[in-house]
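Please go through the points below with the model open. They start with the overall fold and end with single residues.

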Amino acid sequence: VVGVAGVMGAAIGSIGLRDLEPVTFLGLVTFQPTPVGLAAFGMLTVGTGLGLTLGLVAFVSKKYPNA
């Protein structure tokens, strides 16, 4: 899924739309609208979302074990 997000980001960046502005991830890192920048932004965003979700599932599964 993270790889697909990277490919889609690279595809959007390679189209060369003129109206794209730099994107910022959590106010910490700014990515330029280039194929590499948008691929990295997509991969970081999806990876963070999936990582947080996995961490939450792991936390809840340890807190409430099966009976």
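**Notes on the predicted model**

1. From the N terminus on, the elements run α-β-β-α, that is, two helices and two strands. Helices (H or I, at least four residues) and strands (E, at least two) are DSSP runs, numbered from the N terminus. The model is predicted: local features need pLDDT of at least 70 and side-chain atom pairs count only at pLDDT 80 or more, while totals for chains, interfaces and linings use all residues. Residues are numbered from 1 along each chain as its sequence is written, and side-chain values use heavy atoms, with hydrogens and water left out.

2. Along the principal axes, the C-alpha atoms fill a box of roughly 55 × 25 × 15 Å.

3. Buried residues make up 15% of the 67 residues. Buried means under 20% relative accessible area, exposed over 50%, and partly exposed in between (1.4 Å probe, protein chains only). The protein exposes about 5000 Å², of which carbon and sulfur atoms supply 71%; areas come from the Shrake-Rupley method with a 1.4 Å probe, and for residues only the protein chains shown count as cover.

4. Does the span of helix H2 (residues 35-63) agree or disagree with its length? Its 29 residues should span 42 Å at 1.5 Å a residue, and the end C-alpha atoms are 42 Å apart, which agrees. The expected span is 1.5 Å times one less than the number of residues.

5. Gly37, Leu38, Ala39 and Gly42 are buried in H2. The buried residues of H2 pack against H1, E1 and strand E2 (29-31), with contact meaning heavy atoms within 4.5 Å.

6. Alanine 11 is found in helix H1. Its relative accessibility is 31%, so alanine 11 counts as partly exposed. Alanine 11 and alanine 39 are 28 residues apart in sequence and 8.2 Å apart in space, C-alpha to C-alpha.

7. Leucine 17 lies in the loop between helix H1 (2-15) and strand E1 (23-25). With a relative accessible area of 48%, leucine 17 is partly exposed. On the surface, Ile12, Ile15, Leu17 and Leu20 form a nonpolar patch with about 350 Å² of accessible area together. Patches are made of residues with over 30% relative accessible area and no salt bridge; like charges are joined within 9 Å, nonpolar side chains (Val, Leu, Ile, Met, Phe, Trp, Tyr) within 5 Å. A salt bridge is a side-chain nitrogen of Lys or Arg within 4 Å of a carboxyl oxygen of Asp or Glu.
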